[in-house]
Amino acid sequence: MKIMKFGGTSVGSVNSILNLKNIVELEKDFAIVVVSALGGITDKLLKTSQLAVNGDSTFNDEFKEIVERHHSLIDAVITNADKREKLLVQVNRLLNELQNIYQGLSLINNITPKSEATIVSYGERLSSRIVEALIEGATRIDSRTFIKTETKHNKYILDSELTDSLIHKTFAQNKSRITIVPGFIASDKDSGEITNLGRGGSDYTAAILAAALKADILEIWTDVDGFMTADPKVINNAYTIKRLSYVEATELCNFGAKVVYPPTIYPVFKANIPIAIKNTFNPQGEGTIISTDSPSEGRLIKGISSINDTSLLTVQGLGMVGVVGVNHRIFRALANADISVFLVAQASSENSTSIGVRHVDAKKACEVLNAEFSKEISMGLMEQVHAVGDLSTVAIVGENMRHNAGIIGKLFQTLGRNGINVIACAQGGQETNISFVIESHLLRKTLNVIHDSFFLSEYKVLNLFICGVGTVGGSLLEQIASQQQKLMDEHGLKLNVVSIANSKHAIFNREGIDLGDYRTKLANSPEYNIKQLRDEIISMNIYNPVFVDCTANSNVAELYADFLEHNISVVAANKIAASSDYATYSRLKHIARQRNIKFLFETNVGAGLPIINTINDLINSGDKILKIEAVLSGTLNFIFNMLSEEVPMSRTVRLAQEKGYSEPDPRIDLSGKDVIRKLVILAREAGYSIEQEDVEKKLFIPDELFNGSLENFWEKLPQLDNDFESERKKMEAENMQWRFIAKFQDNKGSVSLCKVDKHHPFYNLEGSNNIVLLTTERYKEYPMLIKGYGAGAGVTAAGVFADIMRIANI
């Protein structure tokens with residue numbers, strides 16, 4: 001035997017109720033079909049009653065809509081005229097009864113619990129008659145005849161023993177293959193008056209029947225494919241959980257997953273009957289099976305659930321320490337006031353207990369607790385109880401968490417790295433649920449980051465904000481576009497570009513920007529100034545965020561501190577921040593360490609060469625950098641390598657500009673300022689405090705050429721050609737080369753044009769290559785040498801890409 005329950009959405013429209021018919025009529029064995037009221041009807045019944053009680057004549061209009069809803073459904077799905085006429089007689093009789101009740105309420109302007117229970121019962125009483133008429137050969141049994149309740153604390157409580165006996169008696173006489181039962185409704189065991197099992201009670205009705213009749217399975221047909229790993233409205237890549245244990249399903253239900261009414265699970269758990277959650281609109285879908293066994297599928301947690309209307313009350317005071325019975329008084333007072341508590345967190349010192357309740361109960365709960373502890377409060381032993389609102393509670397659930405070390409550590413590290421503060425936390429001894437309270441505005445971010453970090457997502461996601469689409473930024477976006485699919489397929493990593501900005505415009509898309517036509521979208525987007533860019537990035541409050549600066553803009557560099565303070569990692573091709581005053585550099589590094597995020601700038605020196613990372617590895621492993629010698633300007637190296645009898649100095653500088661090695665104004669490169677910045681960055685990463693002003697510079701271009709306009713520079717530059725050519729010939733005869741060398745030793749830095757012979761490591765340095773020689777305590781006799789391409793948009797973009805991947809591998 002099978003018990004099949006169909007919810008309001010499954011009977012609420014023509015298409016859905018016809019799907020129900022097809023699903024049920026495919027059954028070969030005996031089946032009991034439990035149905036809810038038409039979707040939205042229960043709420044409408046209550047709304048209409050309230051209007052009537054308030055003397056609002058529009059209750060008549062609401063009632064007419066109820067009538068029309070049922071009549072139109074009957075006209076659409078019951079095609080046999082005789083059957084339709086017979087059904088309408090039954091339905092109209094019930095609707096007339098309901099109308100009379102509403103008329104009475106409008107006269108007495110009052111409604112009792114008894115009247116309300118009677119009114120809401122009409123939803124299922126009507127829908128079950130329609131389904132009975134729709135399914136060929138079906139019979140209907142009124143659940144009021146066998147579901148019996150008693151009233152305790154003003155609530156209807158199931159009388160399990162009597163109900164079980166009546167179910168056996170009722171269905172022993174039932175020979176119909178398909179039996180229709182109205183869910184939700186019940187009757188008082190003594191008076192016979194109409195009662196119910198509470199909102200969501202149709203699930204409970206089905207579970208009670210399944211347990212009593214020892215059904216093979218309980219199927220709950222709804223409008224989703226089953227339990228999801230998280231709310232799909234928040235997590236785009238949430239997916240259906242194939243298997244859950246009874247415990248896991250109960251935990252998820254209690255924390256906001258509205259797939260199953262929580263009391264439903266216990267009766268079938270006790271009888272060891274599996275539950276199948278199925279989708280009426282996708283009957284071929286696998287759905288979710290709830291049973292005793294729940295394979296872990298290699299994941300620590302099964303799902304995430306949340307309650308977004310949390311208020312937190314804290315009962316605290318030093319007078320609580322060592323006093324027996326405080327918690328008993330707290331929960332007794334709340335229970336007497338009919339207030340449900342869904343989270344409790346207590347300090348081991350016993351001086352505070354935090355309690356999570358719904359917003360609607362918060363004010364009343366404060367009043368109750370302040371009254372309960374009024375004497376202690378007046379004596380100063382305890383503080384007044386206040387509610388903190390605008391909070392949400394998140395629960396991660398999974399039986400595989402049991403006895404699995406490090407889960408809470410990973411959870412808190414993940415949350416902390418994304419700037420999410422945990423206000424209160426609770427975990428039961430069963431270790432199947434970790435619940436914690438956060439600020440409500442962080443809920444979306446929290447759910448996403450947990451879903452991502454605990455491998456509930458198909459991919460780990462990095463959300464990238466790309467600033468600058470020039471040669472480096474443009475090349476980076478091309479590289480990301482070409483690698484996106486491969487990274488997803490081979491590494492389970494999704495690089496999601498959520499923003500692209502240039503000096504005037506910016507585009508944003510939380511779901512990801514199509515990199516195929518971003519330039520067109522950027523050109524047509526609204527103008528953004530630097531403050532608007534900062535505010536928009538921070539306000540997106542997105543998880544796993546990385547700001548990537550491919551500009552050389554000082555205003556953009558000034559944003560880094562704000563981004564890091566908001567737990568946004570920063571990857572910078574821009575050298576300004578790391579080479580600015582030491583206090584700024586140190587502060588940015590400190591914030592990143594404190595927030596457990598990354599501030600990476602490998603490409604500030606040597607483009608894609610692993611220079612900074614090598615220095616970091618040496619330092620972190622206990623080595624000490626004694627001396628740094630380097631050729632750090634690919635532009636200057638290109639210039640001096642190109643010098644020849646046929647190509648004078650002025651022409652090599654022009655070639656460097658034309659090939660994109662130099663800045664548009666090559667004086668920036670020739671001034672040595674760029675090399676000084678790079679040397680300062682390397683020295684700082686090696687553990688030394690140094691400013692740009694501390695570096696001695698010996699330039700090879702007269703000072704007057706750095707003054708005036710760029711045109712004036714190009715006019716005067718050829719005047720140097722003869723001197724350089726004369727010196728070059730002498731060096732050629734001596735078998736020597738020019739190299740612009742940066743050096744740091746004994747806390748002193750310098751940059752200068754030097755001559756090197758063929759035995760020097762810097763002699764054979766071709767094109768725009770860079771080279772770095774590191775003398776350390778370990779590498780003293782034979783210094784470590786790093787050499788390779790040190791300039792060019794492609795290799796610089798690749799270095800930025802590598803920094804992004806380092807963040808992905810946290």
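Colleague: Let us begin with Ser 202. In which helix does Ser 202 lie?

Modeller: Ser 202 lies in helix α8, residues 201–213. Helices here are DSSP runs of H or I with at least four residues, strands are runs of E with at least two, and both are numbered from the N terminus. This is a predicted model, in which local features need pLDDT of at least 70 and side-chain atom pairs count only at pLDDT 80 or more, while totals for chains, interfaces and linings use all residues. Residues are numbered from 1 along each chain as its sequence is written, and side-chain values use heavy atoms, with hydrogens and water left out.

Colleague: Is Ser 202 buried or exposed?

Modeller: Ser 202 counts as buried, because its relative accessibility is 4%. Buried means under 20% relative accessible area, exposed means over 50%, and partly exposed is in between, with a 1.4 Å probe and protein chains only.

Colleague: And what does Ser 202 touch?

Modeller: Leaving aside residues up to four places away in sequence, Ser 202 touches Lys 5, Val 34, Val 35, Ser 36, Glu 124, Gly 183 and Phe 184. Contact means heavy atoms within 4.5 Å.

Colleague: Next, Thr 163. Where does Thr 163 lie?

Modeller: Thr 163 lies in helix α7, residues 160–172. Thr 163 counts as buried, at 0% relative accessibility.

Colleague: Which backbone atoms lie by the polar side-chain atoms of Thr 163?

Modeller: The backbone nitrogen of Lys 148 lies 3.0 Å from a polar atom of the Thr 163 side chain, and the backbone oxygen of Asp 159 lies 2.8 Å from a polar atom of that side chain. A polar contact is a pair of N or O atoms within 3.5 Å; within protein, one must be able to donate a hydrogen and the other to accept it, and residues adjacent in sequence count only if both atoms are side-chain atoms. Not counting residues up to four places away in sequence, Thr 163 touches Phe 146, Ile 147, Lys 148, Leu 158 and Ile 208.

Colleague: Let us change topic. How many residues has the largest nonpolar core?

Modeller: The largest nonpolar core has 104 residues, and those with the most contacts inside it are Ile 396, Ile 450, Phe 547, Tyr 560 and Phe 599. Helix α27, residues 673–685, gives the most to this core, with 7 residues. Apart from it lies another core, of 51 residues, among them Ile 3, Ile 32, Leu 158 and Ile 241. A nonpolar core is a set of buried Ala, Val, Leu, Ile, Met, Phe, Trp, Tyr and Cys residues joined through side-chain atoms within 4.5 Å.

Colleague: What does Phe 547 touch?

Modeller: Not counting residues up to four places away in sequence, the contacts of Phe 547 include Phe 465, Cys 467, Ile 537, Tyr 560 and Val 571.

Colleague: Where is Glu 399, then?

Modeller: Glu 399 is found in the loop between β16 and α14, and is partly exposed, with a relative accessible area of 23%. Glu 399 and Ser 245 are 154 residues apart in sequence and 7.9 Å apart in space, C-alpha to C-alpha. Among the residues that Glu 399 touches, not counting those up to four places away in sequence, are Ser 245 and Thr 432.

Colleague: And how far apart are Ile 377 and Gly 389? What is the relative accessible area of Ile 377?

Modeller: Ile 377 and Gly 389 are 12 residues apart in sequence and 22 Å apart in space, C-alpha to C-alpha. Ile 377 is in helix α13, residues 374–378, and is buried, with a relative accessible area of 17%.

Colleague: One last point. What is the phi of Asn 544?

Modeller: Phi of Asn 544 is near 45°, a positive value in a residue other than glycine. Asn 544 is in the loop between α18 (530–540) and β22 (545–549), and counts as buried at 8% relative accessibility.
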